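Subject: Structure for your review

Dear colleague,

Please find below the structure that I am handing over to you.

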Amino acid sequence: MPSTSIPPQQRTAAETSARPPAEEAVRAGEVIYRTVRDRIISGELRPGARLSVPALAEEFSVSRSPVRDAVVRLVQEGLASETMNRGAVVARIGGAELVSLYEAREALEWAAARLAAERYTPALRRTLLGLLTAHRAAAEAGDLAQHLELDAAFHREIRLAAQSPVLAQMLDGVQGRVRMAMRSTSVQGGMLLAVDEHQAIFEAICAGDADGAAEAALAHIRRLKELLHDSL
């Protein structure tokens with residue numbers, strides 16, 4: 001794995017000395033948070049894996065303080081949990097909690113698709129079309145890992161196109177936990193069917209049909225939620 005030591009080697013001594021210690025700690029904590037978060041969501045760190053503050057501090061070449069701050073953020077986001085004897089570990093998301101996350105996604109993805117249609121640009125069409133093309137190829141090949149990545153990327157572009165920072169932040173938190181949980185569940189929504197549902201969302205957004213885009217997004221998330229609910 002490439003080194004993620006902090007600060008980067010490219011930084012000059014003058015730049016380092018000019019940066020206040022508090023600002024340096026905040027920056028370090030942000031890098032650690034995002035790196036560990038990516039490892040959790042990607043499945044590199046599995047549920048139950050220990051988030052050792054001393055080990056992470058050594059890996060990132062920082063004091064323990066920014067590591068603790070990063071771990072606290074992961075706990076607050078629901079990606080990690082505190083234990084009595086082991087400190088923080090990667091969270092385990094059960095079926096009932098995953099259904100609850102999809103209930104939240106119903107409302108949030110509905111709103112994001114509506115706003116994206118209202119704020120549609122030709123650049124968004126090009127981006128979504130590229131993702132759809134790659135996603136259909138992955139689904140036809142039965143590539144589950146690529147399916148999960150491209151599915152998340154499609155929804156991420158829509159929430160960015162919605163141009164609502166608060167909505168995007170809420171969806172980022174929900175979607176991160178969903179992606180983590182879906183890697184360990186046996187329930188799958190059908191890759192090609194998911195692509196077809198994305199196609200319907202795409203067409204409504206590109207037509208500027210806010211109602212149609214919102215309803216297509218709602219139907220897509222609701223179908224997955226009901227599959228998960230039925231599996232409990």
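Predicted model: local features only at pLDDT ≥ 70, side-chain atom pairs only at ≥ 80, totals over all residues.

The overall fold

The protein chain contains 10 helices and 2 strands. In sequence order, these elements follow the pattern α-α-α-α-β-β-α-α-α-α-α-α. The chain has 232 residues, and 45% of them count as buried. Among contacts in the chain with a separation of 6 or more, 74% are made by residues 24 or more positions apart.

Helix H8

Helix H8 covers residues 165–182 and has 18 residues. At 1.5 Å a residue, H8 should span 26 Å, and the 25 Å between its end C-alpha atoms agrees with this. Of these 18 residues, 13 are buried, so H8 is largely enclosed by the rest of the structure.

Two helix pairs

Two packed helices are described by the angle between their axes and the distance between the axes. Both values are given here for each pair.

The crossing of H5 past H10 is right-handed. The residues of this contact comprise 14 nonpolar, 1 polar and 10 charged.

The other pair is helix H7 (residues 144–161) with helix H9 (residues 191–206), whose axes come within 11 Å and cross at roughly 20 degrees. Angles under 35 degrees count as roughly parallel, and H7 and H9 are therefore roughly parallel to each other. H7 passes H9 in a left-handed crossing. On the H7 side, the residues that meet H9 are Leu 144, His 147, Asp 151, Phe 154, His 155 and Ile 158. Their partners in H9 are Met 191, Ala 194, His 198, Ile 201, Phe 202 and Ile 205. By class, this contact has 8 nonpolar, 3 polar and 1 charged residues. An α-helix has 3.6 residues a turn, so residues three or four places apart point the same way.

Glu 149 is located in helix H7. With a relative accessibility of 32%, Glu 149 counts as partly exposed. Apart from neighbours within four places in sequence, Glu 149 contacts Arg 179 and Arg 183. Glu 149 and Arg 179 are separated by 30 residues in sequence, while their C-alpha atoms are 8.8 Å apart in space.

Arg 159 also belongs to helix H7. Its relative accessible area is 6%, so Arg 159 is buried. Leaving aside neighbours within four places in sequence, Arg 159 is in contact with Ala 112, Ala 168, Leu 171, Asp 172 and Gln 175.

Two residues with positive phi

Most residues other than glycine have a negative phi. Ser 61 is not a glycine, yet its phi is positive, at about 55 degrees. Ser 61 lies in the loop between helix H3 (53–60) and helix H4 (64–77), and it is partly exposed, with a relative accessible area of 48%. Gln 163, likewise not a glycine, has a positive phi of about 55 degrees. The loop between H7 and H8 holds Gln 163.

Yours sincerely,
A colleague

Note on methods
Residues numbered from 1 in each chain as written. Heavy atoms only, no water. Helix = DSSP H or I, 4+ residues; strand = E, 2+ residues; numbered from the N terminus. Expected span 1.5 Å × (residues − 1). Buried < 20%, exposed > 50% of the residue type's maximum accessible area, 1.4 Å probe, protein only. Left-handed = near helix turned anticlockwise from the far one by under 90°. Nonpolar A, V, L, I, M, F, W, Y, C, P; charged D, E, K, R; others polar. Contact = heavy atoms within 4.5 Å. Axes fitted to C-alpha atoms, helices over the stretch in contact; angles between N-to-C directions. Parallel < 35°, antiparallel > 145°, perpendicular 65-115°, else oblique.
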